[in-house]
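Hi,

Here is the structure I promised to pass on. Have a look at it first, and then read on for what turned up when I went through it.

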Amino acid sequence: MANVKMGFEGLLYYGTAGSTAATLLTNCQDIKFDLDVERGNTTVRGTSTSPPVKTSSVTALVVGVEWTMINDITDTALAALKAAVGAGAGVALRGKDYTSGKGPDADFTLKMSNPCPLEGEQALTFTAEPCRDYGRSPSAYV
């Protein structure tokens with residue numbers, strides 16, 4: 001079925017914060033795009049004859065990106081991402097669920113986890129949270 005998209009079709013690009021990411025990260029294993037909402041409570045007591053039904057309204061979109069990369073010391077993109085984490089600097093990320101699909105587009109700050117299992121490869125996990133420090137407004141799902 002050509003209409004059903006598979007996980008390997010997901011794409012993640014990185015670049016310099018402040019510009020749209022254009023360099024494809026090819027050394028990725030799993031990629032995850034998160035889109036959630038925060039809500040504010042709008043519940044009112046009403047007539048006080050029965051417990052109110054809790055209601056809420058959306059107050060913010062919550063966007064995140066998480067991916068893993070094999071610790072390949074020749075990968076210049078991986079080196080750049082590790083350097084950004086170490087400096088607390090932002091990077092541009094652009095995700096797509098497939099080639100012409102949708103995903104987040106923003107500048108992000110990164111967190112990195114580097115597990116070193118006794119049996120298996122080192123696969124670094126990056127977690128990204130949007131920031132506005134570099135002059136671009138984040139887009140949740142474009």
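Let me begin with Asp 30, which sits in strand β3, the stretch covering residues 28–41. Keep in mind throughout that this is a predicted model. Is Asp 30 buried or exposed? Its relative accessibility is 57%, and the cut-off for exposed is over 50%, so Asp 30 counts as exposed. Beyond its neighbours within four places in sequence, Asp 30 is in contact with Glu 66, Trp 67 and Thr 68. Pro 138 is another matter: 108 residues separate it from Asp 30 in sequence, and the two C-alpha atoms are 22 Å apart in space.

Now for the chain as a whole. The secondary structure comes to one helix and seven strands, and reading along the sequence gives the pattern β-β-β-β-α-β-β-β. What about its overall dimensions? The radius of gyration is 19 Å, whereas a compact globule of 142 residues would have one near 14 Å. Along the principal axes, the C-alpha atoms fill a box of roughly 70 × 40 × 35 Å.

How much of the chain is buried? Of the 142 residues, 30% count as buried. The accessible surface is about 9,000 Å², and carbon and sulfur atoms account for 52% of that. As for contacts between residues at least 6 apart in sequence, 60% of them join residues that are at least 24 apart.

Helix α1 takes in residues 76–87, twelve residues in total, and spans 16 Å from its first C-alpha to its last, close to the 16 Å expected at 1.5 Å a residue. Which residues of α1 are buried? They are Ala 77, Leu 78, Leu 81 and Ala 84. Looking down the axis of α1, you will find these buried residues within an arc of 120°, so they line one face of the helix. The face turned away from that buried side carries the exposed residues Thr 76, Gly 86 and Ala 87. And what covers the buried residues of α1? The cover includes β1 (11–16), β4 (56–70), β5 (91–96), β6 and β7 (123–131).

At its start, a side-chain oxygen of Asp 75 comes to within 2.9 Å of the backbone nitrogen of Ala 77. Just after the helix, Gly 88 takes a positive phi of about 70°.

Most residues other than glycine have a negative phi. Ser 48 is not a glycine, yet it has a positive phi of about 65°.

Asp 105 is found in strand β6, residues 105–113, while Arg 136 is in the segment after β7. Asp 105 has a relative accessible area of 13%, which makes it buried, and Arg 136 is likewise buried, with a relative accessible area of 13%. What does the side chain of Asp 105 make a polar contact with? Its partner is the side chain of Arg 136, at 3.1 Å. The side chain of Arg 136 also reaches the backbone oxygen of Ala 106, at 3.0 Å.

The surroundings of these two are worth a look. Leaving out neighbours within four places in sequence, Asp 105 is in contact with Thr 20, Leu 93, Arg 94, Arg 136, Ser 137, Pro 138, Ser 139 and Val 142. On the same terms, the residues in contact with Arg 136 include Gly 18, Ser 19, Thr 20, Ala 92, Leu 93, Asp 107 and Cys 131. Asp 105 and Tyr 141 are 36 residues apart along the chain, with 7.3 Å between their C-alpha atoms.

One last stop is Pro 117, in the loop between β6 and β7. With a relative accessibility of 38%, Pro 117 counts as partly exposed. Its C-alpha atom is 21 Å from that of Asp 75, a residue 42 places away along the chain.

Over to you now, and happy browsing!

Key: Residues numbered from 1 in each chain as written. Predicted model: local features only at pLDDT ≥ 70, side-chain atom pairs only at ≥ 80, totals over all residues. Heavy atoms only, no water. Helix = DSSP H or I, 4+ residues; strand = E, 2+ residues; numbered from the N terminus. Buried < 20%, exposed > 50% of the residue type's maximum accessible area, 1.4 Å probe, protein only. Contact = heavy atoms within 4.5 Å. Polar contact = N/O pair within 3.5 Å; in protein donor to acceptor, adjacent residues only side chain to side chain. Expected span 1.5 Å × (residues − 1). Arc of directions from axis to C-beta. Rg over C-alpha atoms; globule rule 2.2 N^0.38 Å. Areas by Shrake-Rupley, 256 points an atom, 1.4 Å probe, with all protein chains shown as cover.
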